[in-house]
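Open your viewer, find the selection tool, and follow along stop by stop. What might you select, and what will you find there?

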Amino acid sequence: MSKNKNLYTLIPKVDELLENANIQELLNSMPRKIVVDSIREEIDILRKDIRKLSLDEEQIIERNNRLYEMVMDRANKKNSYKLRRVVNATGTVIHTNIGRSLINEEIMDNVKEIATNYSNLEYDLEKGERGSRYSHLEDILVEITGGEAAMVVNNNAAAVMLVLSTMAKDSEVIVSRGELIEIGGSFRIPDVMEQSGAHLVAVGTTNKTHLGDFENAITEETKALLKVHTSNYRILGFTSSVSAEELYTLKSKYNIPLIEDLGSGVLVDLSKYGLEYEPTVQDSIKNGVDVVTFSGDKLLGGPQAGIIVGKREYIEAMKKNPLTRAFRVDKFTISALEATLRLYLDESIAVEKIPTLNMLSLSIEEIEEKAKVLYDLLADNIDCENCKIEIVDDYSEVGGGSLPLEKMPTKCIMLTLNNLSVSRFEKALREYDIPIITRVYKDRIYIDLRTIREDEYKIVVDGIKHSLKEIEGVD
Ligand SMILES: *Cc1c(COP(=O)(O)O)cnc(C)c1O
């Protein structure tokens with residue numbers, strides 16, 4: 001028998017599969033093209049397998065019976081969003097890879113109202129003429145920080161670039177060598193400086209810079225002194241750096257403005273909540289810094305944004321810089337940031353309602369309570385022959401390049417597997433319907449309760465159950 005040709009005719013045609021009742025249902029919920037492409041691709045795989053694996057008639061019929069299921073899986077995958085929610089079980093609160101800060105739902109109500117309606121984004125309702133998109137945030141930023149004026153751009157990297165370009169283009173800016181930072185691989189102070197057109201004058205050494213180093217470097221060409229918060233590292237040991245207060249003495253002597261890139265931009269004194277003291281934006285303004293920049297989605301706990309606060313003359317000049325148009329924030333950001341900043345008018349409300357601050361200020365007792373609830377759910381729902389579940393002490397991190405040395409005591413669910421692959425389990429959790437991002441340490445999986453909300457417990461339980469089954473099936 002010349003088998004091969006006949007075998008290929010056993011594969012159903014695209015049109016036949018389209019008639020299948022399950023596939024018909026798919027067509028109601030997604031674009032036809034996705035369904036048809038998925039059918040073609042699955043048929044193609046089967047065709048190749050017939051040749052590669054020398055499938056016989058029986059095997060092909062068996063594969064045919066599963067074909068529509070494979071098509072449905074493939075189509076559902078193709079039709080799902082690429083940007084998806086995940087569960088952060090890492091304990092790192094401001095995790096840049098998985099979205100930094102969360103916005104609470106009340107704030108999103110405001111964003112929805114603005115995004116689904118026309119708004120006074122750039123319209124002055126009193127005068128009935130064109131207004132400025134920067135006006136909505138300025139008053140509240142001034143009120144909270146004590147600065148004279150404020151504006152907001154796309155992110156802090158853009159803020160630093162705009163500040164340098166406006167205040168020191170084609171001139172010199174003095175920075176300590178100990179503060180020539182790189183953040184997240186693509187933000188490097190010397191590179192940002194070059195792009196802005198300002199000339200970097202680095203002074204001092206990696207571990208020590210003195211006020212005199214700054215003073216000696218001042219020339220006719222000096223347009224600013226820059227202080228950069230060494231967000232994501234600390235130089236320990238034999239060190240000294242020049243504080244903003246000390247730099248202020250030079251500022252007044254030589255009349256050179258002082259710029260500070262604060263990075264995280266914390267607006268409340270975190271030491272009240274058991275964390276290391278982190279200089280606030282208000283401190284910088286009080287110390288006489290002329291222009292301060294910081295992120296919206298780090299310790300502030302709002303949307304991605306770069307916030308600039310300081311002397312009116314500089315901020316007004318920035319608003320006129322053509323770069324501002326390129327760095328401008330959209331209405332989503334403005335509405336989310338305005339709603340977030342309003343919460344800061346009452347610190348206790350900010351700490352309660354802003355997820356980032358809330359997670360950072362959880363007490364160990366509160367986290368332990370959460371761990372016990374999740375533990376009980378796991379114990380009730382998971383038949384754990386091949387694994388052991390325990391509550392253990394551990395440490396969470398702030399993340400986002402903030403407080404790099406701070407270790408916050410926390411409680412984790414620790415999973416130990418017997419004769420099963422931990423890396424495969426971690427991967428299965430990561431690829432679950434709602435991905436669960438965990439920490440692996442010494443062949444164990446850690447699930448940190450600090451960054452998991454109560455409404456996510458069920459996802460965690462189901463995800464662990466599903467993933468265990470998956471890897472048990474494979475082993
Ligand atoms: C994080 C950080 C930046 C970059 O801020 P983005 O908002 O991510 O652009 C710049 N400078 C410092 C000191 C930082 O910590």
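Start by selecting Thr 416 and Arg 444: their side chains make a polar contact at 3.2 Å. A polar contact here is a pair of N or O atoms within 3.5 Å; within protein, one must be able to donate a hydrogen and the other to accept it, and residues adjacent in sequence count only if both atoms are side-chain atoms. Thr 416 belongs to strand β14, residues 408–417. Is Thr 416 buried or exposed? With a relative accessibility of 15%, Thr 416 counts as buried (buried means under 20% relative accessible area, exposed over 50%, partly exposed in between, using a 1.4 Å probe and protein chains only).

A word about what you are viewing: this is a predicted model, in which local features need pLDDT of at least 70 and side-chain atom pairs count only at pLDDT 80 or more, while totals for chains, interfaces and linings use all residues. Residues are numbered from 1 along each chain as its sequence is written, and side-chain values use heavy atoms, with hydrogens and water left out.

Next, select Cys 412. The count of disulfides is zero, a disulfide being a pair of cysteine sulfur atoms within 2.5 Å. For Cys 412, the nearest cysteine sulfur is that of Cys 387, 16 Å away. Cys 412 is also buried, at 0% relative accessible area.

Now zoom out to the whole chain. The C-alpha trace spans about 100 × 55 × 45 Å along its principal axes. Color by secondary structure to see 20 helices and 17 strands; these are DSSP runs numbered from the N terminus, helices being H or I with at least four residues and strands E with at least two. Of the 475 residues, 48% are buried.

Finally, select the ligand. Which residues are closest to the ligand? Among the 13 residues around the ligand, the closest are Ala 157, Ser 231, Asp 261, Ser 295 and Lys 298; a residue is near if one of its heavy atoms lies within 4 Å. Show the side chain of Asp 261, where a polar atom sits 2.6 Å from a ligand nitrogen. Then show Ser 295, with a side-chain N or O atom 2.6 Å from a ligand oxygen. Lys 298 likewise has a side-chain N or O atom 2.8 Å from a ligand oxygen.
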